[in-house]
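Good morning, colleagues. Please look at the sequence and the model as I speak.

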Amino acid sequence: MARLIFDIETVGEEFDELNPTTQESLTRRIRREAEDEEDYALLLKDLKEGLGFSPLTGRVVAIGVLDPDKDKGVVYFDTAGKNIEPFEEGNFSFKPTDEAEMLAAFWRGAVNYDEFISFSGRTFDGPFLAIRSAVHKIRPTVDLMSNRYLSSQRGPRHIDLQDQFMFYGAMRRKGGLHLWCRTFGIKSPKAEGISGDDVQGLFKQGDVEAIAKYNAGDLVATKQLFEYWNTYLRF
């Protein structure tokens, strides 16, 4: 069985550069919920910082894939306008490109696999990839969202490890990648001092290589989590 681990990094648009109608649409809810102007300012700050978490206001700046059986990976990443040559580091190839080409490359490679592995890929990575691909008029080659339950999936299977460790919501608290890594004694991608919340700032600074390497770290951690689940929890 050919398996592929995948992960993405995203950034949001600049709120202040959006047209007034879009700003109004985005802020309508927090205006109703805010208790006062100070509370609204805090909610607005959170909204601006979270625009990268939706394909409606964000875009993909890195897509990483890792074949866990071959232990070889590729990270496609946006150069933010910098002139960067492809490079190799460890088991990964790093390939600078733009969003449309990285999406196209991902779907071209996806047809060679019949099991996809992610962490929170059903609630974030999968939908984000599908919507941003449609924006660029690129049709996905596999359905990463066919069915939540593994027993009901047909064709290529998508194993979302967060869903599996949560037993499809039976556990009350989710826990992110870092906490699950900590539980199993796996080196967290955050150990190098970067988290997903830092991606927006790193991209603005042009430190796109750091984003690409952080993405590779996510893939390695997901691979090790998958090995725990596959060995001890898969039925």
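The protein's secondary structure consists of eight helices and seven strands; helices (H or I, at least four residues) and strands (E, at least two) are DSSP runs, numbered from the N terminus. This is a predicted model, in which local features need pLDDT of at least 70, side-chain atom pairs count only at pLDDT 80 or more, and totals for chains, interfaces and linings use all residues. Residues are numbered from 1 along each chain as its sequence is written, and side-chain values use heavy atoms, with hydrogens and water left out.

I turn to the overall dimensions. The C-alpha trace spans about 55 × 45 × 35 Å along its principal axes. The radius of gyration of the protein is 18 Å, which agrees with the value near 18 Å for a compact globule of 235 residues; it is taken over C-alpha atoms, and the globule rule is 2.2 Å times the number of residues to the power 0.38.

How much of the protein is buried? Of the 235 residues, 47% are buried. Buried means under 20% relative accessible area, exposed over 50%, and partly exposed in between (1.4 Å probe, protein chains only).

Two residues illustrate these classes. Glu-38, in helix 2 (residues 37-49), counts as exposed because its relative accessibility is 62%. Leu-179, in helix 6 (residues 177-183), has a relative accessible area of 47% and is therefore partly exposed. Between Leu-179 and Gly-217 there are 38 residues in sequence and 15 Å in space, C-alpha to C-alpha.
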